[in-house]
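Subject: Structure handover

Hello,

Here is the structure for your files. My notes on helix packing follow below it.

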Amino acid sequence: MVSGRINFGELYRRHLCRHSEWGINVWHLVAVVGIYLALLTLVRLVPGAAWIIAAGSAAYLGLLALTVPPRVWAACAAMVAALATTAFLLPDSPWWLPPIVFVALHRFQVWQHRMYRRSYDMAEFAGKYRKGPKLALLLAVYELPILLNYLLFADEAARVPQA
């Protein structure tokens with residue numbers, strides 16, 4: 001179970017236990033961007049989509065502002081703006097295509113763990129972050145800032161889990 005206030009540094013350290021290689025973080029970011037675009041293009045089909053996307057983006061960024069470092073928040077804000085803009089610039093697609101893209105990219109993310117196998121002991125996080133819906137939601141919210149932090153701001157020493 002995930003409980004208490006979100007500690008971004010702790011989530012980031014947990015992430016490094018399975019994702020300390022540069023390549024898996026790049027491919028995960030590609031998948032996350034595609035997943036977000038799939039969701040946004042699906043929402044785009046709903047009347048009032050621009051307002052829904054703007055309100056959802058504002059709520060997401062508001063949540064992140066409370067828990068992530070300012071430079072990571074700024075990178076997320078730029079990415080969210082770029083994704084929302086891109087979603088409206090993409091050509092129309094059938095309603096069924098975004099869910100297929102979503103699932104395919106999620107499976108792509110899972111498959112990447114077969115290519116990038118380095119991992120570290122996660123015992124420190126086992127009690128607080130148990131597998132299940134709460135952890136899945138937490139990671140869905142924080143995966144973008146974690147990946148951007150790794151790729152944009154972490155030096156080599158900060159890309160290895162610290163005890």
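**What covers helix 4**

The buried residues of helix 4 are covered by elements that include helix 1 (8-18), helix 2 (22-43), helix 3 (49-65) and helix 7. This is a predicted model, in which local features need pLDDT of at least 70 and side-chain atom pairs count only at pLDDT 80 or more, while totals for chains, interfaces and linings use all residues. Residues are numbered from 1 along each chain as its sequence is written, and side-chain values use heavy atoms, with hydrogens and water left out.

Some terms first. Helices (H or I, at least four residues) and strands (E, at least two) are DSSP runs, numbered from the N terminus. Buried means under 20% relative accessible area, exposed over 50%, and partly exposed in between (1.4 Å probe, protein chains only). Contact means heavy atoms within 4.5 Å.

Helix 4 has 20 residues. From first C-alpha to last it reaches 29 Å, close to the 28 Å expected at 1.5 Å a residue (the expected span is 1.5 Å times one less than the number of residues). Its buried residues are Val72, Ala75, Cys76, Ala77, Val80, Leu83, Ala84 and Ala87.

Two packed helices are described by the angle between their axes and the distance between the axes. Axes here are lines fitted to C-alpha atoms, for helices over the stretch in contact, and angles run from 0 to 180 degrees between N-to-C directions.

The axes of helix 4 (residues 70-89) and helix 7 (residues 133-153) come within 9 Å and cross at roughly 110°. That makes helix 4 roughly perpendicular to helix 7. (Angles under 35 degrees count as roughly parallel, over 145 as roughly antiparallel, 65 to 115 as roughly perpendicular and the rest as oblique.) The crossing of helix 4 with helix 7 is right-handed. (Right-handed means that the near helix is turned clockwise from the far one by less than a right angle; anticlockwise is left-handed.)

Helix 4 makes the contact with Arg71, Val72, Ala75, Cys76, Met79 and Val80, and helix 7 with Leu144, Pro145, Leu148, Asn149, Leu152 and Phe153. By class, the residues of this contact are 10 nonpolar, 1 polar and 1 charged. (Ala, Val, Leu, Ile, Met, Phe, Trp, Tyr, Cys and Pro count as nonpolar, Asp, Glu, Lys and Arg as charged, and the others, Gly among them, as polar.)

**Helix 3 against helix 7**

Helix 3 and helix 7 pack at about 70°, with their axes 11 Å apart. The two are therefore roughly perpendicular to each other. Helix 3 also passes helix 7 in a right-handed crossing. Tyr60, Leu63 and Leu64 of helix 3 meet Val141, Tyr142, Leu144 and Pro145 of helix 7. This contact divides into 7 nonpolar residues, no polar and no charged.

**Helix 1**

Helix 1 is mostly covered, with 8 of its 11 residues buried. They are Phe8, Glu10, Leu11, Tyr12, Arg14, His15, Leu16 and Cys17. These residues pack against helix 2, helix 4, helix 6 (123-126) and helix 7.

Arg14 belongs to helix 1 and counts as buried at 13% relative accessibility. Not counting residues up to four places away in sequence, Arg14 touches Met122, Phe125, Tyr129, Leu135 and Leu139.

The contacts below leave aside neighbours within four places in sequence.

- Met79 lies in helix 4. It is in contact with Leu29, Val33, Leu144 and Leu148. Met79 and Val33 are 46 residues apart in sequence and 8.7 Å apart in space, C-alpha to C-alpha.
- Leu29 sits in helix 2. At 16% relative accessibility, Leu29 is buried. Its contacts are Met79, Leu144, Leu147, Leu148 and Leu151.
- Leu37 is in helix 2. It is buried, with a relative accessible area of 18%. Leu37 touches Leu83, Thr86 and Ala87. Leu37 and Phe102 are 65 residues apart in sequence and 8.7 Å apart in space, C-alpha to C-alpha.
- Gln109 is in helix 5 (residues 97-115). Its relative accessible area is 8%, which is buried. Gln109 is in contact with His28, Ala31, Val32, Ile35 and Glu143.

Best wishes
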